[in-house]
Amino acid sequence: MTADGQVHPEHVEIDLAGFSDVTELLGPRAEYNPRTYLSIMLKPSMMALALTFAFPRFVEHRGAVLLESAYDEEAVEAWFQQLDGDAVAVELVMNHIHLWDVFAPSTAFEAETELLLAPLATSWGAALRAAFPTRTFRVLTDPDGDYGPELTFHSLTAEASGSG
């Protein structure tokens, strides 16, 4: 992750030893085969739900790209009015996710939730590039947000991307 909270890796390593459920079930070891844990603990429906969060769908409204799962036209219009029609500002507000709203906040899981920021930012970036190949986006993370780890994204305007 860069100093501005943006993630740029081609591949994100996830240290499975950082997750207590994995180490409790499989014991301490240098490397873990995720297939072993998945075959014991995960149902296909849970994997499907996790993947829909990791690779979300989007809605485009008045030039803003928004998470489909959080899209509420009335709320979006209210933010457009409050933010003087600034689509990037609306994206920052409407796409803002507190991971503790997705994963129940618990002191036992605080560090584990933070470990998910970089992989989620990478997958959101891939989903955005696939859905909007002609647009450029910035995915931002904040491990120390007001209410736990935070994730959001916004479009880069022509001015911000230097092409205009």
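Residues are numbered from 1 along each chain as its sequence is written, and side-chain values use heavy atoms, with hydrogens and water left out.

H98 belongs to strand β3; helices (H or I, at least four residues) and strands (E, at least two) are DSSP runs, numbered from the N terminus. The side chain of H98 comes to 3.4 Å from the backbone oxygen of Y147. Is H98 buried or exposed? With a relative accessibility of 19%, H98 counts as buried, where buried means under 20% relative accessible area, exposed over 50%, and partly exposed in between (1.4 Å probe, protein chains only).

Now step back to the sheet around this residue. Three strands form an open sheet in the order β3-β5-β4, with antiparallel pairing. β3 (97-98) and β4 (137-142) each have a single partner strand and stand at the edges, so one side of each has no neighbour in the sheet. Two strands pair if DSSP finds at least two bridges between them; β4 and β5 (residues 150-155) are antiparallel and joined by six bridges. Within that pairing, V139 sits opposite F153 of β5. Strands of a sheet pair through backbone hydrogen bonds, either parallel or antiparallel.

Also in β4 you will find R138, which is partly exposed at a relative accessible area of 27%. Its C-alpha atom is separated by 9.6 Å from that of L128, 10 residues apart along the chain. Across β4 and β5 lies helix α5 (residues 87-94), running at about 160° to β5; axes here are lines fitted to C-alpha atoms, for helices over the stretch in contact, and angles run from 0 to 180 degrees between N-to-C directions.

Elsewhere, strands β1 (residues 58-61) and β2 (residues 64-67) run antiparallel and are joined by four bridges. H61 has A64 as its bridge partner in β2. The hairpin of β1 and β2 has two residues between the strands, and R62 takes a positive phi near 50° there.

Finally, a word on confidence. The chain averages a pLDDT (the predictor's confidence in each residue, from 0 to 100) of 85, and 87% of the residues score at least 70. Over residues 158-164, however, pLDDT stays under 50, and the model has three contacts beyond four places in sequence for them. Where pLDDT is low, the predicted coordinates should not be read in detail.

Definitions and conventions
Predicted model: local features only at pLDDT ≥ 70, side-chain atom pairs only at ≥ 80, totals over all residues. Contact = heavy atoms within 4.5 Å. Polar contact = N/O pair within 3.5 Å; in protein donor to acceptor, adjacent residues only side chain to side chain.
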